[in-house]
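Student: I have a model open and would like to learn how to read its features. Could you walk me through it?

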Amino acid sequence: QKIPQKLWYSGPMFRYERPQSGRQRQFNQLGVEVLGSFDPLIDADVIQLALNLLKELGITNCELEVNSLGTLEERVKYKSNLISYLQPYEKELDLDSQKRLYNNPLRILDTKNLKTKDILNEAPKLSNFFGIESQTFFEELCDALNSLHIGYTVNEQLVRGLDYYNHTAFEIKSNSLGAQDTLCGGGRYDELISQLGGPRTPAIGWAMGIERLLLLVKESISLPSQYLDFYIVSENKSTKLKALQLLQIFRNHNCKVEIDWSYSKFSKQFKRASQNNAIGCIIIGERELQSNSFSVKWLSSKEQNSFQMSEIENLIQKLDHYKSSYLEIINNINS
């Protein structure tokens, strides 16, 4: 197989944490993974792919934050120094940070608590523990992003929530999502596959939560308007049988048609026709049943016409005129 391997996936996922807006217990996730390359240019390419996808969805008000987590050995040395720094402030940290102090101190860096953030201002920086390899890798990543004219901020407190990350970590955030502002998150995980029993395989990937994307997409793009060509209203069981016959005829003409299956008054059926965005409302009462005809009320103009059953083709031509007018109105509303 060729190296690197470029893969993508999507599907349902589940989280243990308390659900929040855009952060459900069960959610759907889209992800991209590149396996087999230890090249910072691949990291830049993966980040660019995420930004391009968001741009295609009309999401442009987002910001990229990047950081380097160095190597496992460098993080072990850093953790020891970070714990030593934070111990005198242990009682002043927020409760989550107190719990993390000895088992996962790096996660304290991405706290949202303002008092803990103030304490961290003078904390040692992970980058001060980097060797030449980690420094060079991150510099090459930043150079690549600059050459691609991708704006970014280096956030040294960005650590991501998973311990297997090394070197590159990044997040793409939106200021339109409130506290849960991360649209896309990812990073490099060169040791994970070997930790799971496979061969040592450098890798990088990212993931996006679909529900969180939808919160933004619905504000930035217009989905195609849902409408019906005809909504058929009728009076009783006999007229409904005629309506059922008409339904099949219109479907044979590729029309989008629904029957009102209730036996309520015509006024209520007309209201449901409007609620279903019908272009025309076909009326079949006892009079139409006796004359083998039907009436059509065009909901945008309130004009009403009568047709014989043999005049279906004429009605379809008239529908095309009213449909174009209807869609023009809808497009003007959306724009």
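Student: Is Asp143 buried or exposed?

Tutor: Buried means under 20% relative accessible area, exposed over 50%, and partly exposed in between (1.4 Å probe, protein chains only). Asp143 has a relative accessible area of 51%, so Asp143 is exposed. Asp143 is found in helix 5, residues 132-147; helices (H or I, at least four residues) and strands (E, at least two) are DSSP runs, numbered from the N terminus. This is a predicted model, where local features need pLDDT of at least 70 and side-chain atom pairs count only at pLDDT 80 or more, while totals for chains, interfaces and linings use all residues. Residues are numbered from 1 along each chain as its sequence is written, and side-chain values use heavy atoms, with hydrogens and water left out.

Student: Which residues make the nonpolar surface patch?

Tutor: Leu241, Leu244 and Trp261 make it, and its area is about 330 Å². Trp261 is found in the loop between strand 9 (257-259) and helix 9 (266-275), and counts as exposed at 53% relative accessibility.

Student: And what about the inside? How many residues has the largest nonpolar core?

Tutor: In soluble globular proteins, nonpolar side chains tend to be buried together. A nonpolar core is a set of buried Ala, Val, Leu, Ile, Met, Phe, Trp, Tyr and Cys residues joined through side-chain atoms within 4.5 Å. The largest one has 29 residues, and Ile47, Leu64, Leu145, Phe170 and Trp206 have the most contacts inside it. Elements giving two or more residues to this core include helix 1 (40-56), helix 5 and strand 7 (203-209). Helix 1 gives the most, with 7 residues. Another core, of 23 residues, lies apart from it, with Leu246, Phe250, Phe294 and Met309 among them.

Student: Which backbone angle deserves a look at Asn254?

Tutor: Most residues other than glycine have a negative phi. Asn254 is not a glycine, yet has a positive phi of about 60°. Asn254 lies in the loop between helix 8 (237-252) and strand 9, and is exposed at 70% relative accessible area.

Student: Where is Lys302?

Tutor: Lys302 sits in the loop between strand 11 (293-298) and strand 12 (304-308). Lys302 too is not a glycine, and has a positive phi of about 65°. With a relative accessible area of 54%, Lys302 is exposed.

How values were computed: Patches are made of residues with over 30% relative accessible area and no salt bridge: like charges are joined within 9 Å, nonpolar side chains (Val, Leu, Ile, Met, Phe, Trp, Tyr) within 5 Å. Accessible areas come from the Shrake-Rupley method with a 1.4 Å probe; for residues, only the protein chains shown count as cover. A salt bridge is a side-chain nitrogen of Lys or Arg within 4 Å of a carboxyl oxygen of Asp or Glu.
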